Amino acid sequence: MTTPVLQINDLSAGYGRFNVVHDITMHVNNGEAVALLGPNGAGKTSVLRSIMGLIKHRTGSIVVGDTDVSRMPAHRVAGGHAALVPEGRRLFLNQSVEDNLRLGGMRHRRDSAKVQELMGSVFELFPVVERYRARPASALSGGEQQMVAIGRMMMNDPALMLLDEPSLGLAPLAITDMAQALVKLREQGRSILLVEQRVDIALAVSDRIYVLSDGRLIDERATADIGEDGRALIDAYLG
Ligand SMILES: Nc1ncnc2c1ncn2[C@@H]1O[C@H](COP(=O)(O)OP(=O)(O)O)[C@@H](O)[C@H]1O
Ligand SMILES: [Mg+2]
């Protein structure tokens with residue numbers, strides 16, 4: 001039997017008095033990569049922010065591993081349950097690449113062997129990040145900065161990895177590199193929830209997809225079952 005690392009039941013969430021996510025039930029199995037697709041404004045980022053405890057106004061339940069994180073403050077969710085690569089990366093641009101990585105690994109700060117081990121796994125996946133470790137993050141290209149942002153998330157060593165549109169604003173070659181890195185993370189058995197607008201990236205990286213539209217889930221498919229027709233339908237959903 002497959003066990004879910006993420007189980008969301010009947011989640012509604014929003015800002016102020018308004019819900020932008022309505023009655024969402026979805027899951028990510030252990031070791032599975034799942035993509036959440038949908039047009040701009042569908043509520044994808046809000047789902048990720050709900051998991052991370054960054055949106056207070058929410059009902060329903062969110063369980064990561066054995067833990068109900070629905071009412072947990074964000075800093076506790078980030079204590080090993082889930083870690084997010086946010087939209088736009090949000091690096092500390094005037095700090096070094098290595099310091100940005102260390103910030104991601106803050107919860108292991110009393111275990112320097114663990115920090116070294118995690119940093120080694122980031123450098124193995126992204127050799128260029130090791131080469132530029134002493135540079136300020138601002139000196140790196142967009143694609144390299146995205147690698148640092150993914151590396152910072154890896155430093156947390158979370159049960160569930162969340163990525164919000166990692167391809168956004170990157171050059172085509174950088175997108176290919178980033179997608180390959182996600183495939184490797186999946187091969188390492190990491191559990192991943194990826195938000196994407198690029199259908200080709202989502203299909204290349206994930207085992208299963210959900211489609212979100214106007215805050216509601218409207219489709220779910222195994223990537224392997226998506227033929228030409230399925231692909232055309234998904235493109236139509238995304239407009
Ligand atoms: N901080 C906020 N305050 C009020 N409304 C917001 C806020 N963030 C997002 N929204 C609204 O919530 C809806 C979903 O946004 P979002 O989750 O960012 O969608 P997506 O990531 O799919 O583009 C949109 O209508 C957006 O305008
Ligand atoms: Mg978004």
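Two strands count as paired if DSSP finds at least two bridges between them. Helices (H or I, at least four residues) and strands (E, at least two) are DSSP runs, numbered from the N terminus. This is a predicted model, in which local features need pLDDT of at least 70 and side-chain atom pairs count only at pLDDT 80 or more, while totals for chains, interfaces and linings use all residues. Residues are numbered from 1 along each chain as its sequence is written, and chains are lettered from A and ligands numbered from 1 in the order in which they are written.

Start with the sheet. An open sheet of 4 strands runs in the order β2-β1-β4-β5, with antiparallel pairing. Its edge strands are β2 (18-29) and β5, each of which pairs on one side only. Strand β1 (residues 4-15) pairs with strand β4 (residues 58-64) over 6 bridges, in the antiparallel sense. There, Ala-13 stands opposite Arg-58 of β4.

Now follow β4 to β5. Strand β5 (residues 67-68) runs antiparallel to β4, and 2 bridges join them. Val-63 faces Asp-68 of β5. Val-64 has Thr-67 of β5 as its bridge partner. The hairpin of β4 and β5 has 2 residues between the strands, and Gly-65 takes a positive phi near 65 degrees in this hairpin.

Helix α1 comes next. It lies across β1, β2 and β4 and runs at about 70 degrees to β2. Axes are lines fitted to C-alpha atoms, for helices over the stretch in contact, and angles run from 0 to 180 degrees between N-to-C directions. Two residues are in contact if their C-beta atoms, placed from the backbone, lie within 7 Å.

Helix α1 (residues 44-51) also gives the largest share of the shell around ligand 1, 3 residues. A residue is near a molecule or strand if its C-beta atom, placed from the backbone, lies within 6 Å of it. The residues around ligand 1 are Tyr-15, Val-20, Gly-38, Asn-40, Gly-41, Ala-42, Gly-43, Lys-44, Thr-45 and Ser-46. By class, this shell has 3 nonpolar, 6 polar and 1 charged residues. Ala, Val, Leu, Ile, Met, Phe, Trp, Tyr, Cys and Pro count as nonpolar, Asp, Glu, Lys and Arg as charged, and the others, Gly among them, as polar.

Which domains make up the protein chain? Domain 1 covers 1-81 + 160-239, and domain 2 covers 92-157. These bounds come from an automatic or database domain assignment. The C-alpha centres of the two domains lie 23 Å apart. In all, 13 residues of domain 1 touch 9 residues of domain 2. On the domain 1 side, helix α7 (residues 172-187) gives the largest share, 5 residues. That side divides into 8 nonpolar, 3 polar and 2 charged residues.

Finally, look at helix α6 (residues 142-156). Its axis and that of helix α4 (residues 112-125) come within 9 Å and cross at roughly 150 degrees. Leu-118, Met-119, Ser-121 and Val-122 of α4 meet Gly-151, Met-154 and Met-155 of α6. This contact has 5 nonpolar, 2 polar and no charged residues.

Helix α3 (residues 97-104) packs on α6 too, at an angle of about 35 degrees with the axes 7 Å apart. The α3 side includes Val-97 and Leu-101, and the α6 side includes Val-148 and Arg-152. By class, the contact of α3 with α6 has 6 nonpolar, 4 polar and 1 charged residues.
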